[in-house]
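Here is a briefing on one chain and its surroundings. Look over the sequence and the model before reading on.

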Amino acid sequence: MTDKTSAAYGSLSRLNHWLGALAFSGMIIVGFILSYDVLSRETAGPIRDLHKATGTLLLLFALWRVSWRLVQGFPPPVPGVPAWQELASRLVHWGMLAALLIMPLSGVLMSLIGGRPIDIYGLFLIPPFAENREAAGLLRQVHGYAAYALAGLIALHILAALKHALIDKDGTLARMLSGKPATVQAS
Ligand code: HEM
Ligand code: HEM
């Protein structure tokens with residue numbers, strides 16, 4: 001009997017994962033609240049400004065997060081994960097990473113192409129560089145559809161993480177929580 005140890009996520013990858021998960025989930029919730037018009041005009045204005053400023057900063061975070069993954073690749077799955085699940089997880093992970101870029105990029109461009117500045121927390125304004133309402137409308141649609149796609153992928157992703165933790169009990173969730181490599185006994 002030998003021990004087979006799967007590669008781990010480093011502390012930076014785990015910090016990136018959980019900070020990103022929290023920030024993007026918050027942005028999705030606030031975005032939907034804004035677009036479903038449940039807030040009064042006076043409340044919606046400042047919250048939209050916060051959504052835009054935070055989303056613009058998250059573009060920098062996403063650029064860093066995605067390039068890190070492009071350079072580093074993913075650690076191999078824990079031992080025993082079937083090939084189809086490995087493929088499915090790669091597709092979902094890359095889909096989410098793509099959405100982490102598309103969301104802030106479409107948001108920034110819809111504002112700046114549509115003639116609207118981005119107010120970074122009252123510190124400074126990023127001025128618009130065009131006044132093209134049609135292009136801004138298209139980018140608004142991209143922003144909306146990508147948000148639904150990201151929300152769907154996140155739901156699938158959380159269900160898969162729960163299945164690994166509760167049914168397979170294979171250490172996949174543990175290695176993203178504690179960084180501890182999953183170890184299985186291989187004969
Ligand atoms: C960083 C990630 C971002 C996420 C996850 C996100 C998420 C969302 C979501 C879920 C919606 C509602 C979409 C719909 O139902 O059609 C939305 C709307 C919106 N987002 Fe974002 N967003 C992000 C970044 C940005 C940025 C950077 C800007 C602009 C600089 C921006 C500007 C807007 C605007 C103007 C709306 C429409 C709000 C309204 O209807 O009043 N977003 N966002
Ligand atoms: C309760 C919520 C979440 C749980 C329990 C969770 C769990 C996990 C686990 C266990 C992994 C490692 C998978 C493996 O080793 O193959 C992982 C990876 C990943 N997760 Fe999540 N996750 C959550 C939320 C999110 C959210 C909201 C996003 C996107 C905004 C996200 C994006 C990713 C990505 C891109 C990876 C691939 C590895 C990386 O680049 O960090 N996760 N997640």
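A residue is buried if 20 or more other C-beta atoms lie within 10 Å of its own, exposed if 12 or fewer, and partly exposed in between, with C-beta atoms placed from the backbone. V38 is exposed, because 10 other C-beta atoms lie within 10 Å.

This is a predicted model: local features need pLDDT of at least 70, side-chain atom pairs count only at pLDDT 80 or more, and totals for chains, interfaces and linings use all residues. Residues are numbered from 1 along each chain as its sequence is written, while chains are lettered from A and ligands numbered from 1 in the order in which they are written.

**Overall layout**

- The chain has five helices and four strands. Both are DSSP runs numbered from the N terminus: helices are H or I with at least four residues, strands E with at least two.
- The pattern along the sequence is β-α-α-α-β-β-α-α-β.
- The C-alpha trace spans about 65 × 30 × 25 Å along its principal axes.
- Of the 187 residues in the chain, 13% are buried.
- Two residues are in contact if their C-beta atoms, placed from the backbone, lie within 7 Å. Among contacts with a separation of 6 or more, 69% join residues 24 or more positions apart.

**V38**

- V38 sits in the loop between α1 (11–35) and α2 (41–72).
- V38 and F124 are 86 residues apart in sequence, and their C-alpha atoms are 28 Å apart in space.

**Nonpolar core**

- A nonpolar core is a set of buried Ala, Val, Leu, Ile, Met, Phe, Trp, Tyr and Cys residues joined through C-beta atoms within 7 Å.
- The largest such core has eight residues: F24, L58, A62, A99, L100, M103, A147 and L150. Two or more residues come from each of α2, α3 (83–113) and α4 (133–168). The largest share, three residues, is from α3.
- In soluble globular proteins, nonpolar side chains tend to be buried together.
- L100 touches G20, F24, A62, R65 and V66, leaving aside residues up to four places away in sequence.

**Helix α3**

- The expected span of a helix is 1.5 Å times one less than its number of residues. The 31 residues of α3 should therefore span 45 Å, and its end C-alpha atoms are 44 Å apart, which agrees.
- Buried residues in α3 are A99, L100, M103, P104, S106, G107, M110, S111 and I113. Their cover includes α1, α2, β2 (118–120) and α4.

**Helix α4**

- The 36 residues of α4 reach 50 Å from first C-alpha to last, close to the 52 Å expected.
- L139, H143, A147, L150 and H164 are buried in α4. What covers them includes α1, α3 and α5.
- Just after α4, K169 has a positive phi of about 45°.

**Shell around ligand 2**

- A residue is near a molecule or strand if its C-beta atom, placed from the backbone, lies within 6 Å of it.
- Of the 21 residues around ligand 2, A21, F24, H93, A161 and M176 come nearest. Two or more residues come from each of α1, α3, α4 and α5 (172–177). The largest share, six residues, comes from α1.
- The shell has 11 nonpolar, eight polar and two charged residues. Ala, Val, Leu, Ile, Met, Phe, Trp, Tyr, Cys and Pro count as nonpolar, Asp, Glu, Lys and Arg as charged, and the others, Gly among them, as polar.
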